[in-house]
Amino acid sequence: MTKDEFETLLVHGACGSDEPWGALTTPICQTVTFRQGEIGVEPPFDYSRSGNPTRKALERQIALLEGGDHGYAFSSGMAAITAVFFLFGPGDEILIPLDLYGGTYRLLDAYFKNFGVSWRIVDTTDAASLENEFSPRTRAVLLETPTNPLLRVSDIAAVSGAAHRHGALVIADNTFLSPYFQRPLALGADIVVHSATKYIGGHNDVLGGLVALKDPELAERFLQVQKSTGGVLGPFDSYLLLRGLKTLGLRMDRETENALAVARWLVGRSGADKVYYPGLESDPGYEIQKKQASGAGALLSFELNEAHSVKEFFAALKVITPAESLGAVESLACHPATMSHASIPPEMRAEMGITDRLVRLAIGIEGIGALIADLDGAFSASGPK
Ligand SMILES: Cc1ncc(COP(=O)(O)O)c(C=O)c1O
């Protein structure tokens with residue numbers, strides 16, 4: 001799909017396509033149930049947990065955008081990831097990356113472990129060594145690329161090749177880049193998941209999760225999981241995500257432009273020891289990122305130097321808001337150790353490379369001058385007096 005085609009799909013895609021009144025935006029079909037015609041003849045919709053017209057439009061839209069044939073919408077990213085893990089059962093093993101969203105780790109470690117689904121951390125950025133990590137029980141590799149919060153990049157095509165040689169699926173969490181920059185199914189992944197709460201929604205006003213896939217047999221199994229677990233997205237929230245998607249490209253271009261400028265400004269500053277951003281040529285993930293994605297996204301992290309107080313740095317921010325989440329028009333600053341990754345035990349966090357001095361920035365669409373002035377002020381306020 002060309003950039004031009006994708007941008008057009010974002011605006012038109014599945015929106016309002018089969019709406020009987022010709023409404024340009026997909027109407028909110030706020031109903032639980034649907035009148036059935038002839039008994040025994042399956043109607044297009046019967047009950048909104050199984051299917052709802054507004055949700056269906058969103059599900060078709062994510063399938064189109066990710067280059068899949070099937071889409072599914074859930075009430076949050078975690079509900080989507082939970083449903084994906086329900087594809088596995090006792091004795092199955094999932095390989096997970098060196099660092100990943102804390103909630104996903106908690107879900108596997110605190111809950112799926114009890115159902116006999118095990119997990120193992122592997123270096124997904126090293127596709128060659130990954131080849132030796134598969135066991136006869138490995139059923140899937142979970143990828144976040146770039147990872148949350150250290151922005152490590154994995155080669156989706158190489159990981160998918162290795163996984164398929166060992167009969168395992170590749171599940172790609174595409175939250176950080178969205179289909180605007182990266183389409184994992186085209187690179188060989190089997191399942192794409194999103195916290196749609198982030199770039200897809202884009203305005204910090206709706207929680208949602210999306211899944212897209214191609215394989216018809218997997219699609220049938222997954223539809224049953226969605227129906228049975230029931231964590232589906234409501235019609236109004238589906239409408240909000242459809243609305244958010246229309247400006248995905250505009251937002252992500254601006255946010256990424258801002259993020260690159262912030263990353264360049266941070267590099268070499270005495271207050272920032274290490275800067276993690278795959279859009280920097282010096283970043284170890286730069287080449288793979290460039291090969292498989294058309295943009296580096298708007299997430300970046302850095303280590304705050306020992307001479308600065310982490311608490312004072314966050315307290316001094318005035319434009320960038322200290323808050324969980326990412327991917328919306330407002331810039332947010334996250335302290336992974338106490339926020340997004342607090343559910344990972346400290347010793348495991350240390351092993352993953354997530355220190356107590358790590359700051360993650362999700363850059364928004366504000367003026368770049370205001371963002372840099374804000375960071376400059378926070379470095380001054382938190383540094384040596
Ligand atoms: C990469 C990633 N995946 C999944 C999730 C979970 O999504 P949600 O908060 O919508 O449940 C998050 C949340 O921050 C995330 O960053």
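**Group meeting: sheet, domains and ligand shell**

The buried residues of helix α9 pack against α1, α2, β1 and α10 (248-266). Contact here requires C-beta atoms, placed from the backbone, within 7 Å of each other. Helices (H or I, at least four residues) and strands (E, at least two) are DSSP runs numbered from the N terminus.

Before I go on, this is a predicted model, in which local features need pLDDT of at least 70 and side-chain atom pairs count only at pLDDT 80 or more, while totals for chains, interfaces and linings use all residues. Residue numbers start from 1 along each chain as its sequence is written.

Back to α9, residues 235-245. Nine of its 11 residues are buried, so the helix is largely enclosed by the rest of the structure. A residue is buried if 20 or more other C-beta atoms lie within 10 Å of its own, exposed if 12 or fewer, and partly exposed in between, with C-beta atoms placed from the backbone. Among the buried ones are Pro-235, Asp-237 and Tyr-239.

Next, the sheet. It is open, with seven strands in the order β1-β7-β6-β5-β4-β2-β3 and mixed pairing. Its edge strands, β1 (70-74) and β3 (118-121), each pair on one side only. Pairing means that DSSP finds at least two bridges between two strands. From one strand to the next, the twist averages 20°. Strand β2 (residues 93-96) runs parallel to β3, and four bridges join them.

Helix α2 (residues 53-66) lies across β1, β6 (191-195) and β7 (209-213), at about 125° to β1. Axes are lines fitted to C-alpha atoms, for helices over the stretch in contact, and angles run from 0 to 180 degrees between N-to-C directions.

Now the domains. The assignment gives domain 1 (3-245) and domain 2 (249-382); such bounds come from an automatic or database domain assignment. Their centres, taken over C-alpha atoms, are 26 Å apart. The contact takes 32 residues from domain 1 and 34 residues from domain 2. On the domain 1 side, α4 gives the most, with four residues.

Last, the ligand. How many residues surround the ligand? There are 15, and the closest are Ser-76, Gly-77, Met-78, Ser-195 and Thr-197. Near means a C-beta atom, placed from the backbone, within 6 Å. Helices α3 (77-85) and α4 each supply at least two residues of this shell.

Notes:
Two residues are in contact if their C-beta atoms, placed from the backbone, lie within 7 Å.
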